[in-house]
Amino acid sequence: TKRALISISARSIVVQLQIIHTACYLLACTILQSYLPSQTPRGVKNLRKEELRAIRGDGRGERKEWERIYDYDVYNDLGDPDNDPATRRPVLGGRGRPYPRRCRTGRRRCRTDPSSESPPAKDGAGIYVPRDEAFTERKAGAFATKKALSALSAFTTAQRVSGDRRRGFPSLAAIDALYEDGYKNRPSSSQQEADNLEGYFREVLQKQVKLLLKGEKEEFKEELRKVFKFQTPEIHDKDKLAWFRDEEFARQTLAGMNPLSIQLVRDTDFPIFSKLDEETYGPGDSLITKELIEEQINGVMTAEEAVEKKKLFMLDYHDVLLPFVHAVRELDDTTLYASRTLFFLTEDGTLRPIAIELTRPKSPNTPQWRQVFTPGSSVAASWLWQLAKTHVLAHDTGYHQLVSHWLRTHCCVEPYVIAANRRLSQMHPIYRLLHPHFRFTMEINAQARGMLINANGIIESAFAPGKLCMELSSAVYDKFWRFDMEALPADLIRRGMAIECEDGKLELTIEDYPYANDGLLIWDSIKEWVSDYVNHYYQLASDIHMDKELQGWWNEVRTKGHPDKEEGWPELNCHGSLVEVLTTIIWVASGHHAAVNFGQYPYAGYFPNRPTIARRNMPTEGQACSHDGMQPTFVEDPVRVLLDTFPSQYQTTLVLPVLNLLSSHSPGEEYMGTHAESAWMADREVRAAFGRFNERMMSIAEMIDCRNKDPERKNRQGPGVVPYVLLKPSYGDPKDMTSVMEMGIPNSISI
């Protein structure tokens with residue numbers, strides 16, 4: 001007993017010493033002075049090293065919610081094969097399926113599939129992120145409330161489906177009815193709005209209790225449905241026919257929720273040809289020929305002249321989607337094509353869609369099928385064109401969610417966060433620069449793995465290409481993602497949307513390209529702020545080269561966070577390369593994410609404008625076609641075919657609440673150009689640099705307001721046109737803002 005008491009006492013002393021040890025270090029970190037490793041005060045030098053060593057852990061054991069351990073793992077936790085073998089999913093990360101790494105949790109391996117990690121509980125319990133990365137109580141409460149309201153909204157609307165998950169909408173009027181009545185679910189911007197919301201639900205609850213007490217159950221259900229009907233999305237509120245118009249279809253490639261896919265058709269790309277193996281997929285040449293192009297542009301110039309004058313642009317999902325077509329078609333109630341969509345740049349600076357090519361690859365039993373659709377010269381051709389647009393929109397919406405949004409922001413940023421915490425001390429000036437741009441990213445990603453991108457989750461259930469979604473994301477990461485191409489100027493140049501002039505400035509190939517116009521202002525402002533900051537702490541290039549923590553961070557990002565990608569990583573050997581790397585990371589976490597995230601409900605909330613999936617083949621494909629090459633059901637009722645091609649009622653009730661949730665801003669959000677870290681304000685030169693950054697961002701906001709009023713900018717101003725405000729910095733009173741899209745650019749990926 002005596003020995004046991006001594007042992008317990010000794011362990012207690014050790015624990016207390018560890019607490020004191022950590023407290024001393026954290027106290028040192030709270031000192032607002034930033035230190036490069038070589039400048040660390042002697043008294044905390046060892047503590048600085050030991051703290052980083054402790055944060056890295058030993059790579060063993062299951063992590064507990066109170067721990068602060070950062071480590072890496074592959075994406076092997078998306079399925080639950082022990083409970084449902086059908087949810088087994090391949091591991092993402094490694095030679096076969098390259099992918100960025102996530103935070104290691106150490107949960108037990110599945111019994112039926114040892115390569116997979118068991119998922120967290122359905123209610124979210126068991127999700128691990130280092131405690132410093134977890135939501136604040138306020139953020140967690142707001143997120144949980146919004147998620148609960150979204151779930152209730154989906155539940156009450158789904159009652160109409162009566163268990164038939166394949167049932168489409170009976171009419172366009174039935175789609176519009178989703179958005180009538182009900183509470184307009186815009187983010188609360190004041191305490192008064194929150195009080196109004198509380199009073200609203202109290203009144204509704206009292207009314208529903210009375211109905212239940214009277215035994216009027218059907219009336220109760222109908223009242224509940226009215227409460228949770230959806231807010232009319234901005235695109236539909238502005239123009240009820242926007243979803244049908246070719247002009248709006250084209251405009252959204254430049255100013256919608258996915259303006260990152262449109263690309264120039266260069267002379268090296270024409271004639272259009274696939275890079276895939278013809279033996280596997282069929283002929284690689286495109287049916288969008290020189291003759292077809294010249295016919296569609298009314299002979300105003302030759303196709304070669306159109307290419308030379310930079311008049312032809314394309315959404316190209318051909319080579320990305322073609323390898324997945326047959327596998328997706330084996331899934332229930334869905335289909336897939338590979339697609340190319342060609343646009344012509346008109347004299348007024350807007351794009352006009354002129355051709356859509358849809359392709360089904362060959363198989364052992366069937367030849368390749370492909371067809372080009374053009375804006376109709378007959379009733380039948382017009383309906384076929386509308387159906388072809390629906391397929392392209394489903395491709396673009398799926399690619400947006402899986403690549404432009406999830407992969408390029410959420411997924412690729414997480415390794416930067418892990419590496420920064422493992423290798424950069426909290427005293428390090430670069431840690432303090434990046435820290436606000438990593439806020440809540442690991443937590444929101446962990447939540448996404450549990451409810452959005454997991455097996456049978458919302459993305460798989462309602463987006464093309466179904467359960468192959470994450471494999472598609474991996475394929476794009478493997479073939480197209482490079483860090484040095486994530487910088488906005490580099491991305492625009494890669495897509496042919498800009499050229500670099502001799503003075504280093506960019507010239508856009510489409511002058512009125514709202515995403516690029518506003519994005520480049522934000523990029524330049526961030527870069528100037530980062531340059532001022534870096535120059536303040538690093539006097540010489542050798543200081544950067546000799547900074548062991550900085551070099552260790554960047555090496556770990558490449559070799560442990562993104563180990564499957566060997567190319568595209570600049571060396572940190574001078575001020576220029578360090579500024580470019582840091583600007584890229586900050587841009588992706590702020591501007592890029594804001595551009596692809598907060599427009600989701602305003603544009604895709606009215607799903608005919610942005611369907612997430614296409615469920616029916618084109619009426620001109622298959623053996624059931626009549627002598628005129630079209631299926632009889634299409635000839636008899638083309639509207640019915642269009643409605644059946646759209647997502648089902650069940651899929652819609654899954655997606656709309658999630659898009660509404662993802663498009664919302666959180667209470668206590670920190671916005672770019674307005675939030676300043678205490679350490680920045682404590683240093684006179686850094687404080688002055690941030691002041692200049694703030695002034696530039698406010699000036700940009702005013703400039704964007706002016707652009708949205710300019711009648712010459714037809715891609716952002718005009719009858720029924722939604723102004724482009726997704727990259728507008730936050731300024732003014734939130735109560736005066738009419739759109740969730742103009743609430744500002746959050747510093748980090750926090751939703």
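Trainee: How many of the residues of α23 are buried, and is this helix enclosed by the rest of the structure or open?

Mentor: The model is predicted, so that local features need pLDDT of at least 70 and side-chain atom pairs count only at pLDDT 80 or more, while totals for chains, interfaces and linings use all residues. Residues are numbered from 1 along each chain as its sequence is written, and side-chain values use heavy atoms, with hydrogens and water left out.

Of the 23 residues of α23, 21 are buried, so the helix is largely enclosed by the rest of the structure. Here buried means under 20% relative accessible area, exposed means over 50%, and partly exposed lies in between, with a 1.4 Å probe and protein chains only.

Helix α23 covers residues 575–597, and 32 Å separates its first C-alpha from its last, close to the 33 Å expected at 1.5 Å a residue. The expected span is 1.5 Å times one less than the number of residues. The helix also bends, by about 45 degrees at W587; the bend at a residue is the angle between axes fitted to the seven residues ending there and the seven starting there.

Helix α14 may be read in the same manner. Its 45 residues, 379–423, should span 66 Å at 1.5 Å a residue, and the 64 Å between its end C-alpha atoms agrees with this. At W406, α14 bends by about 50 degrees. This helix is mostly covered, with 39 of its 45 residues buried.

The packing of α14 comes next. Two packed helices are described by the angle between their axes and the distance between the axes. Axes are lines fitted to C-alpha atoms, for helices over the stretch in contact, and the angles run from 0 to 180 degrees between N-to-C directions. For α14 and α16 (residues 441–451), the axes come within 10 Å and cross at roughly 125 degrees. The two helices are therefore oblique to each other, given that angles under 35 degrees count as roughly parallel, over 145 as roughly antiparallel, 65 to 115 as roughly perpendicular, and the rest as oblique.

The axes of α14 and α22 (residues 548–561) come within 9 Å and cross at roughly 140 degrees. That angle makes α14 oblique to α22. The crossing of α14 and α22 is right-handed.

Several loops deserve attention. P271 is placed in the loop between β3 (263–264) and α9 (278–281), and the peptide bond that leads from F270 to P271 is cis, with omega near 0 degrees. In the loop between α17 (458–462) and α18 (469–480) lies P465, joined to A464 by a cis peptide bond with omega of about 5 degrees.

Two further loop residues have positive phi. N298, in the loop between α10 (290–296) and α11 (303–308), is not a glycine, yet its phi is about 60 degrees. N298 counts as exposed because its relative accessibility is 65%. D333 is located in the loop between α13 (325–329) and β5 (338–345); its phi is near 60 degrees, although D333 is a residue other than glycine. With a relative accessible area of 9%, D333 is buried.

Some residues approach others from elsewhere in the sequence. Y513 sits in the loop between β9 (506–508) and α20 (514–537) and is buried, with 0% relative accessible area. Its C-alpha atom is separated by 7.3 Å from that of N715, 202 residues away along the chain. P81, in the loop between β1 (72–73) and β2 (102–103), is buried at 4%.

Finally, the cysteines. A disulfide is a covalent bond between the sulfur atoms of two cysteines. The structure holds zero disulfides, the criterion being a pair of cysteine sulfur atoms within 2.5 Å. C469 counts as buried at 1% relative accessibility, whereas C501 counts as partly exposed at 27%.

Key:
Helices (H or I, at least four residues) and strands (E, at least two) are DSSP runs, numbered from the N terminus. A crossing is left-handed if the near helix is turned anticlockwise from the far one by less than a right angle, and right-handed if clockwise.
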